[in-house]
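Student: I am new to this structure. Please pick one place where two parts pack together, look at it closely, and then lead me on to the rest.

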Amino acid sequence: MKTRVLVGVIGVPAIILIILFAPGWLFGAVVGAVAAIAAWELLHCVQPDMPKRMVAYAAVGAFLLPLCTGLGCYELVERFVLWALVVIMFCEVMLTFRGEERLDFSNVTLVVFAGFVLPMLFTSLVRLDLRESGWAYVFLPFVAAFSSDSGAYFAGMALGKHKLAPHLSPKKTIEGSIGGFLAAIVLMLVYGLILKVCGLTVNFLILAIYGFFGSLAGQLGDLAFSAIKRQHDVKDYSHIIPGHGGILDRFDSMLFIAPMIELLLMWVPAVM
């Protein structure tokens with residue numbers, strides 16, 4: 001528990017400083033590094049004997065998408081990464097016919113998912129950062145994710161009695177889930193007050209809706225990636241973050257929240 005808190009004390013200010021002061025290309029590089037590690041974690045969990053070169057394909061693609069988005073060449077690289085991963089992996093499939101062992105097609109889809117789909121979801125953070133006053137938008141998914149996680153954790157510890165998904169995530173409770181929703185809504189409104197003080201126009205009703213759907217998306221993301229771990233009998237995706245596990249253990253909810261926040265800002269903007 002002490003390690004978990006210590007990492008949070010160091011990590012949260014680091015995230016805030018990066019969002020506030022890092023230029024677009026550097027923020028893209030940081031998100032790219034996170035996406036590359038997430039790609040490795042997913043492949044290591046689902047297919048531990050995946051050839052290292054295929055893991056490298058996915059990691060490189062995962063790094064390039066957010067980085068190049070920060071550099072302003074997102075659409076070109078998006079198409080190139082998808083095309084390159086598909087072509088390379090099908091070449092790998094065809095080359096296995098030289099010997100007796102065949103490369104299963106599931107490996108193709110897994111590498112493309114890890115190297116393209118995962119970073120595409122993470123890249124929503126970079127696109128939010130590229131908006132005018134981008135820092136205000138980038139914090140939205142982080143506020144939703146961390147407040148929901150914390151609210152669910154403490155409400156579950158204090159009040160949790162009824163299991164939410166006992167076969168999928170035994171420690172999660174219905175009371176904790178409700179606590180996550182309430183915490184996300186309250187903290188999102190508090191964040192709205194901060195934005196208002198900073199001179200931005202805020203619609204608090206819509207911001208409360210962001211908090212609700214942010215918590216919903218976060219809890220779904222958490223359960224979705226827990227399901228992958230349960231299928232492969234893995235406790236944590238890795239141990240790269242002391243006390244928290246891996247990137248996918250800590251930021252799984254972000255994969256669902258960030259794209260949803262980006263869509264909500266396009267449809268019903270709460271901050272202008």
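Tutor: Start with helix H7 (residues 174-197) and helix H8 (residues 204-231), which pack at an angle of about 140 degrees. Their axes are 8 Å apart. Keep in mind that this is a predicted model. Angles over 145 degrees would count as roughly antiparallel. H7 and H8 are therefore oblique to each other. The crossing of H7 past H8 is right-handed.

Now the residues that meet. H7 brings Ser177, Gly180, Phe181, Ala184, Ile185, Met188, Leu189, Gly192, Leu193 and Lys196. H8 answers with Phe204, Leu207, Ala208, Tyr210, Gly211, Phe212, Ser215, Leu216 and Gln219. Look at the numbering as you read such lists. An α-helix has 3.6 residues a turn, so residues three or four places apart point the same way.

Next, a residue in a strand. Proline 170 sits in strand S2 (residues 169-173). Proline 170 is partly exposed, at a relative accessible area of 41%. Beyond its neighbours within four places in sequence, proline 170 touches Lys163, Ala165 and Arg230.

Helix H6 (residues 134-159) and helix H9 (residues 247-267) have axes that come within 9 Å. These axes cross at roughly 135 degrees. That makes H6 oblique to H9. The crossing of H6 and H9 is right-handed. On the H6 side, the contact uses Tyr137, Leu140, Pro141, Phe142, Ala144, Ala145, Phe146 and Asp149. H9 supplies Arg250, Phe251, Ser253, Met254, Ile257, Ala258, Ile261 and Leu265.

Now take helix H4 by itself. H4 covers residues 74-95, 22 residues in total. From first C-alpha to last, H4 reaches 31 Å, close to the 32 Å expected at 1.5 Å a residue. Its buried residues are Tyr74, Val77, Glu78, Val81, Ala84, Leu85, Met89, Glu92 and Val93. Seen down the axis of H4, they fall within an arc of 165 degrees, so they line one face of the helix. The face turned away from that buried side carries the exposed residues Glu75, Leu76, Arg79, Trp83 and Met94. What covers the buried residues of H4? The cover includes helix H3 (52-70) and helix H5 (105-129).

The 19 residues of H3 should span 27 Å at 1.5 Å a residue, and its end C-alpha atoms are 28 Å apart, which agrees. The buried residues of H3 are Met54, Val55, Ala58, Gly61, Ala62, Leu65, Pro66, Leu67, Cys68, Thr69 and Gly70. Their cover includes H2, H4 and H5. After H3 comes glycine 72, with a positive phi near 90 degrees.

Finish in a loop. Alanine 22 lies between helix H1 (2-21) and helix H2 (24-46). Is alanine 22 buried or exposed? Buried means under 20% relative accessible area. Alanine 22 has 15%, so it is buried. Setting aside neighbours within four places in sequence, alanine 22 is in contact with Leu17 and Phe27. Alanine 22 and aspartate 129 are 107 residues apart in sequence. In space they are 9.9 Å apart, C-alpha to C-alpha.

How values were computed. Residues numbered from 1 in each chain as written. Predicted model: local features only at pLDDT ≥ 70, side-chain atom pairs only at ≥ 80, totals over all residues. Heavy atoms only, no water. Helix = DSSP H or I, 4+ residues; strand = E, 2+ residues; numbered from the N terminus. Expected span 1.5 Å × (residues − 1). Buried < 20%, exposed > 50% of the residue type's maximum accessible area, 1.4 Å probe, protein only. Arc of directions from axis to C-beta. Contact = heavy atoms within 4.5 Å. Axes fitted to C-alpha atoms, helices over the stretch in contact; angles between N-to-C directions. Parallel < 35°, antiparallel > 145°, perpendicular 65-115°, else oblique. Left-handed = near helix turned anticlockwise from the far one by under 90°.
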